[in-house]
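Trainee: I would like to learn how to read this model. Please start with the terms.

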Amino acid sequence: VWMGRVAPYVVAALGMGSFVALYNAAGFRLSAPPISLSPAAASLVFLSYAMGTASSAAAGRLTTRLGRTTALVAALLVTVAGSVLTIHTSLALIAIGFAVLTAGFFAAHAIANAWVTATAPPHMRGRAAGLYTLCYYLGSGTGGTAGSIVYGHAGWTWLIGLTSAWLLPAALAVVLAHRRPLTPATSAGTPA
């Protein structure tokens, strides 16, 4: 039962940590050789955030169709796949990679956030949501810092390895939570 309560917080911390680590270093990577974009052109990577709006809206429909566990694991794996695409030096593939990883991350965040409020007892929903937000921002600060250090010392490929190493255990936590689901009374209305 405890894994079902912990898993969405793990997704919040590790997912946001990965996302911030990648975007913190993106401008530096895009303006460095061999890509060598101007800082203004490199900053256009943030247009990928538009994918987050679309994927957040689609996350609910995806969860209804596939179930929470499958939808959330798929979103995390999409995030990993998108980040791996950015290893290539082709600007088109990098742009596609950022769009894909952003869509995956925002879908995962929407699903995990809904999981917290759906499974918390009514009198604890505010605290559960607050704890989710705390994990989200702790992941942001810690992941952003660690990712910047790794990028600065080892480069983009190692950063992708690091963020993938964070996202895969988050997916594993979701799978383990599904193997030990919450009681029906606490998870009614939320497909696993």
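Mentor: Helices (H or I, at least four residues) and strands (E, at least two) are DSSP runs, numbered from the N terminus. A99, for example, is placed in helix α5. This is a predicted model, in which local features need pLDDT of at least 70 and side-chain atom pairs count only at pLDDT 80 or more, while totals for chains, interfaces and linings use all residues. Residues are numbered from 1 along each chain as its sequence is written, and side-chain values use heavy atoms, with hydrogens and water left out.

Trainee: Where is confidence lowest and where is it highest in the protein?

Mentor: pLDDT is the predictor's confidence in each residue, from 0 to 100. The protein averages 90, and 91% of the residues score at least 70. Helix α8 (residues 184-187) has the lowest confidence, with a mean of 40, whereas α4 has the highest, at 97. Over residues 181-191 pLDDT stays under 50. For that stretch the model has 14 contacts beyond four places in sequence, where contact means heavy atoms within 4.5 Å.

Trainee: Which residues does A99 touch, leaving out those up to four places away in sequence?

Mentor: A99 touches S48 and M51.

Trainee: Is S18 buried or exposed?

Mentor: Buried means under 20% relative accessible area, exposed over 50%, and partly exposed in between (1.4 Å probe, protein chains only). S18 counts as buried because its relative accessible area is 1%. S18 lies in helix α1 and touches T163, W166 and L167, with residues up to four places away in sequence not counted.

Trainee: How far apart are the C-alpha atoms of T163 and S18?

Mentor: They are separated by 4.8 Å, although the two residues are 145 residues apart along the chain. T163 is found in helix α7 and is buried, because its relative accessibility is 0%. Leaving out residues up to four places away in sequence, T163 touches S18, A21 and L22.

Trainee: Which residues touch the most other members of the largest nonpolar core?

Mentor: A nonpolar core is a set of buried Ala, Val, Leu, Ile, Met, Phe, Trp, Tyr and Cys residues joined through side-chain atoms within 4.5 Å. The largest one has 50 residues, and L72, L76, F98 and W156 touch the most other members. At least two residues of this core come from each of α1 (2-31), α4 (68-85), α5 (91-119), α6 and α7 (156-179). Helix α1 gives the most, with 13 residues. Contacts of W156 beyond four places in sequence include L22, R29, F98 and Y151.

Trainee: What should I look for in the backbone?

Mentor: Most residues other than glycine have a negative phi, and most peptide bonds are trans. A cis peptide bond joins P33 and P34, with omega about 5°. P34 is placed in the loop between α1 and α2 (39-42). S36 is also placed in the loop between α1 and α2, and its phi is near 55°, a positive value in a residue other than glycine. S36 counts as partly exposed because its relative accessibility is 43%.
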